[in-house]
Amino acid sequence: MQLLQLLISGVAQGCIYGLIALGFVLIYKATETVSFAQGDLMMVGAFGGLLTMTLLGFPFWLAVIASVVGMGLFGVVVERLVIRPILGQPAFSIVMLTIGVGYVLRGVITMIPNIGTDTHTLAVPYAGEVVRLGALVLSAEQLVVIGVTALLCGGLFAMFKYSKLGIAMQAASQNQLAAYYMGIPVQRLNGLVWGLAAGVAAIAGLLLAPITFVHANMGFIGLKAFPAAVVGGFGSLPGAIVGGLVIGIVEAVSGFYLPEGFKDIAPYIVVLLMLVLKPNGLFGEKLRKKV
Amino acid sequence: MRFIFKTDYDQDIRLAKHGGHVFWYGLLCASLVVAPWALPEYWLAQLTFVLIYAIVGLGLMLLAGFTGLFSLGHAAFLGVGAYTEAVLTNAGWPFPVSIACAGLLSAAVGMVVGLPALRVKGIYLGMATLAFGFIVEEGLARWEHVTGGNAGLSVNPPAIGGWAIDSTEGFYFLCLVLCVGATLAIVNLLRAPTGRAFVAIRDSEISAQSMGIHLARYKTLSFALSAALAGIGGALYAHKIQFLSPDQFSIVQSIDLLLMVVIGGLGSIHGAFLGAIFLIVMPQLISLGKDFLPEAIGQSTGLQGTVYGAVLIAFVLFEPMGLYGRWLKVRTWFQLFPFYRKGMFKRQKSFQKSDRLK
């Protein structure tokens, strides 16, 4: 029973990692670049929800929508302003660029007087409630995280499978040149993918906010989403979620059964093992370059 | 304008290409030697930090700038070197032995990390080094009876037998000698076949391999050398800062080191030094500028991060060759005065090598 309890809290945490990793994978599939700003976008999303609720007095549901849409637009703008001009440069430059974007976001948040440097709680309507299932005690926050992640995955799956936009995105990620020939506006799609990734990050931030707190350094959790993306295979969307769950569960279980300190590094040990044993991840396709 | 008439093949690989090089580098060395008498103690300490970071930067430059492998966990090597040096010095080992041990142990660790580099590329390598960096940081914090854990570890000054170098000036000269040595070693390495092999791997692994370069060996070697320099830099850092704690070697430090080589200019030895100067001088400039900014911005803890981020974005977007690239442009402008054209350094349209197959 205790194990089940641990597993559920691990799954809830893993869903957060999975959502951030989903952002990495979306961006990677579209532009073959890795965004290190994903964790910070998540942090800004959480702050967006907080600010719209406290300063503007929005109700919770409106604040969520405002924050997610706002972050989506922000993602599009970031792509247009700083990413698009250097697409095609070595991947390393873009990694450094996104690190820079993350630094700036974190710095700017701390500059908001009286708010940026403090730790806040996001007043969600379901805070503190628990659900009892026999001997299991589940907090509403965790259930909401799991439920929303499942819904979001279903929505994204449907979008990529059935909508014209999703199919165009798939086409662009499989073969950019052919997509251009078919009249798909690849550049605009890349912008939209960034927006989508930023929106998903904002959702992750809002889901995480009641569990931890809202503060300027919460973006560092994004560094744990990298192992999730790698374990799942960097180019696979379902892989990102599965990888996130694996990392979340490993973290929860090792935090309980192994000596102190292993909780924080268990994800990294998993990812190192994964890279040595199966570098393409659980779901990644095996790629071999022909000359 | 200067025209160099080449009459000998050796001229192509000579360290000093012409009289100007000899004069300016000589002048630089001379001013560095007299610096302790000319500079106030505070600035001398900052200069020492520049030298230390330059040693680490040279190592990272070799790895990221010349071999094209990038490491997001370089602070771990710095940490291994620093803690090795601290523990050995506190045990009374003479300085030359302990710093050699620090370098060698870091190199050994670097080789271990280099092993996944043989199988994975690009971003996966970044992930592997990132993961490794976290594991080392946690290890330093948890291995308490050796490293002192989060409580920290204080470091004795470097000593050989009874003779200790505990003055600012003495330590400055120690760093200067090691830094000049490291620079000469790297410059020499890069004009030797090994360095050429590194550059070939950076430019194209496939063509390097088809020209008979043993990829696994050279990549591991690059990791080992880079880690060794980071270890030596870390050892000096330990003596300079005199108090070690694991959070000095976190991911933030790793990113700072990367920032240093990128802003300095990837793929140039000068870049490591310019980047080190940037990393040390920037906080000073920021604290000078603080008073002119509105209070909310000037006093905020995130100001430094914002400035670093903005400078990094600006460099990647507008000056991918970093500070050294900017210097090259300025120099060319003067050399060619009035004939400098705008398009001379136009960024080549480069195309990313896609991992996609179709």
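Guide: In this predicted model, helix 3 (residues 60-83) of chain A packs against helix 8 (residues 186-208) of chain A, with the two axes 7 Å apart and at an angle of about 140°. Angles over 145 degrees would count as roughly antiparallel; helix 3 and helix 8 of chain A are therefore oblique to each other. The crossing of helix 3 of chain A and helix 8 of chain A is right-handed. Sorted by class, the residues of this contact comprise 17 nonpolar, 7 polar and 2 charged.

The pair belongs to a chain with 11 helices and 2 strands. Read from the N terminus, the order of elements in chain A is α-α-α-α-β-β-α-α-α-α-α-α-α. For the 291 residues of chain A, a compact globule would have a radius of gyration near 19 Å, and the value for chain A, 19 Å, agrees with this. Its C-alpha trace spans about 55 × 50 × 35 Å along the principal axes of chain A. Buried residues account for 53% of the 291 residues of chain A. Where contacts in chain A link residues at least 6 apart in sequence, 74% of them join residues at least 24 apart.

Chain A also packs against chain B. Helix 4 (residues 91-110) of chain A and helix 14 (residues 303-318) of chain B have axes 7 Å apart, at an angle of about 150°. That angle makes helix 4 of chain A roughly antiparallel to helix 14 of chain B. The crossing of helix 4 of chain A with helix 14 of chain B is left-handed. On the side of chain A, the residues in this contact include A:S93, A:M96, A:L97, A:I99 and A:G100. Also taking part from helix 4 of chain A are A:V101, A:Y103, A:V104, A:R106, A:G107 and A:V108. Their counterparts in helix 14 of chain B include B:L303, B:G305, B:T306, B:Y308 and B:G309, together with B:A310, B:L312, B:I313 and B:V316. By class, the contact of helix 4 of chain A with helix 14 of chain B holds 13 nonpolar, 6 polar and 1 charged residues.

The axes of helix 11 of chain B and helix 15 (residues 322-335) of chain B lie 3 Å apart, at an angle of about 15°. This angle makes helix 11 of chain B roughly parallel to helix 15 of chain B. In this contact, B:V262, B:I263 and B:G264 of helix 11 meet B:G322, B:L323 and B:Y324 of helix 15 of chain B. The residues of the contact of helix 11 with helix 15 of chain B are 4 nonpolar, 2 polar and no charged.

As for chain B as a whole, it has 15 helices and 4 strands. A compact globule of 358 residues would have a radius of gyration near 21 Å, and chain B agrees with 21 Å. The C-alpha atoms of chain B fill a box of roughly 60 × 50 × 50 Å along the principal axes. Of the 358 residues in chain B, 42% are buried. Among contacts in chain B between residues at least 6 apart in sequence, 75% connect residues at least 24 apart.

B:Q242 lies in the loop between helix 10 (215-241) and strand 4 (243-244) of chain B. Its phi is near 65°, a positive value in a residue other than glycine. Most residues other than glycine have a negative phi. B:Q242 counts as exposed because 12 C-beta neighbours lie inside 10 Å. B:G181 is placed in helix 7 (residues 168-190) of chain B and is likewise exposed, with 12 other C-beta atoms within 10 Å.

Terms used:
Residues numbered from 1 in each chain as written. Chains lettered and ligands numbered in written order. Predicted model: local features only at pLDDT ≥ 70, side-chain atom pairs only at ≥ 80, totals over all residues. Axes fitted to C-alpha atoms, helices over the stretch in contact; angles between N-to-C directions. Parallel < 35°, antiparallel > 145°, perpendicular 65-115°, else oblique. Left-handed = near helix turned anticlockwise from the far one by under 90°. Contact = placed C-beta atoms within 7 Å. Nonpolar A, V, L, I, M, F, W, Y, C, P; charged D, E, K, R; others polar. Rg over C-alpha atoms; globule rule 2.2 N^0.38 Å. Buried ≥ 20, exposed ≤ 12 C-beta atoms within 10 Å, placed from the backbone.
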